Amino acid sequence: METAAENSGTVLRSERIAGGILPKVLNSFDMVAIFVAIVLFISNSSVVTGAGAAAFIYWILGFLTFLIPGAIVTGQLGLMFPGEGSIYVWTTRAFGAFMGFFAGFCAWWPGVLVMIATGDAVVSLIQQLGSQYGLSLLAEPWQQGLVILLVIALSCVLSVLRFRVTQNLVNVIFVAYGGAILLVGLAGLIWLLSGHPAQADFSAAHWQLNNTNYTFYGLVILALLGIEVPLNMGVEIQNTRAITRYLLWGSVVVMLAYLLGTFGVMMAVPPAIQSQGNPSVVAAAVKYGFGPAGNVLATIVNLIFIGFFLFNTVVYNYSFGRLLFVSGLDRRLPTMMSKVNRNRVPWVAVLVQSIISGVLTVITFIIAPFVIQALKPSDLSTVVYDVLQAAVTIIWCISMVFLFIDVIYIRYKYRESFQRVQLAPDWVFYLCAVIGCVASAFGVAVIFISPWTTLINTLAWDLSLVGFAAISLVAGAVIYFIGQATMRRDVSDEEILAEVIGSPEDVNPASDAAGGSSASA
């Protein structure tokens, strides 16, 4: 028998009707590929080498204190509420409409800015490819901005194709990406077997965790963000078993890949190059490790990485666009945000966030460098880019705090539903919640300790982060209240469906997995 708290639970409109709008196309392999695209930025393998041999300890600590607890909590909430929108749905179920929208905003906003980062990764890889053959490519900020705009535009087009077609392309790139990372690890091994000493120092002193390298734990936490993102497409999964499968195998792939990437870089890449901390450094491991064949293989790996970061942008675009889609269905945003094309893909949501990302790219790489003369154009674009990415990382960590708190409150509010699909003893969830919140807080704290670039001092860096993050969070709250004040609330499911797909016929309402009531939220 359901508890009183469960009977009072309100089913979101998006939980009822999203499953009838969007086709179920995602299997377990698809979910693993999406998870890897979201979480596995192989450039982090080179960044963490700054901790020396202790990098491997920090990776393991990050897996134990953030990735695995996050996977356990996400699996539990995903099985209970396998709807579209992940944190947005779970926090709404736990704490109501405002907190749900706010948590959803904190989870969505990073995706928009990370699309700029993935485009910038393409730029750095093209530059590395040129340097291998004595060419200087994309040296000016405006040139870099144009490439990033092209990447975002291509991601928009690919994200609104028939979902099965797009996902098949993502899966192919995922396999190639995995092969390239294996080559990076193999390059490190070949370097050692060829009689070369490791480029990094592995003496006992460099394995120590101390106040000179503890910030790298925070960087590891940031490298593992995005655990829950594949469940933004919860109703598009063919079988709920794919939830636990992607969390298990996706986590295994991410852990092995980061360790392999770090190993390859620390064995074969000279320390001066390791410190650059971008994807091209990882590709350089292949160049140095494979001897005479290194240049050719490094070119292939570089091209694979370019393809990955292009399709990585696609994954970010379509997965984060689903948060706008469900917000439109639930009338937190205009219903137009939920409009789908003939492929049953939320094209308006994808287009809107692509435009936002594109505008920020233009400001960062084209307008700001020429309007503000305090720094060289290239230096200014670097500062603005780093501030945006760091600030949005803070917001992403805030959304993860919601995730870890949600599971505890939902356990109380929906006790019997929780027990029906319970993945672990209660104490495990409490432990995961505490450890996960602490790890998220630490990930935020280390961002303020030192700037990501030497072009700005710590005070200016901290003030910039606080300012941008505060404006973003206030904007999220304001958008919610404006929507509540201006949108009609007495709108039926049929009216919503008519606007979203043109006709409510042949749409089957999704069932409520948690056993709540069928009242509209």
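1. Trp59 is buried, at 0% relative accessibility. By "buried" I mean under 20% relative accessible area, with exposed over 50% and partly exposed in between (1.4 Å probe, protein chains only). Tyr258 also comes out at 0% and counts as buried. Bear in mind that this is a predicted model, where local features need pLDDT of at least 70, side-chain atom pairs count only at pLDDT 80 or more, and totals for chains, interfaces and linings use all residues. Residues are numbered from 1 along each chain as its sequence is written, and side-chain values use heavy atoms, leaving out hydrogens and water.

2. On to ring pairs: the structure holds 34 aromatic pairs. Trp59 and Tyr258 make one of them, with ring centres 4.3 Å apart and planes at 15 degrees, so this pair is stacked. The cut-offs: rings of Phe, Tyr and Trp (its six-membered ring) pair if their centres lie within 6.5 Å, and planes under 30 degrees apart count as stacked, over 60 as edge-to-face and the rest as tilted.

3. Where do Trp59 and Tyr258 sit in the chain? Trp59 is in helix H5 (residues 54-80) and Tyr258 in helix H11 (residues 241-268), so their contact ties together parts 199 residues apart in sequence. Helices here are DSSP runs (H or I, at least four residues), as are strands (E, at least two), numbered from the N terminus.

4. Phe365 is buried at 2% relative accessible area, and Tyr385 counts as buried at 13%.

5. There is also a cluster joined by ring pairs: Phe41, Tyr177, Phe305, Phe308, Phe309, Tyr316, Phe320 and Trp396.

6. Next, charges over rings, meaning NZ of Lys or CZ of Arg within 6 Å of the ring centre and within 35 degrees of the ring normal. The charged end of Arg322 sits over the ring of Phe163, 4.9 Å from its centre. Lys287 lies over the face of Tyr288, 5.8 Å from the ring centre.

7. How many disulfides does the structure hold? Zero, taking a disulfide as a pair of cysteine sulfur atoms within 2.5 Å. Cys106 is in none, and the nearest cysteine sulfur, from Cys397, is 11 Å away. Cys106 is buried at 0% relative accessible area, and Cys156 counts as buried at 14%.
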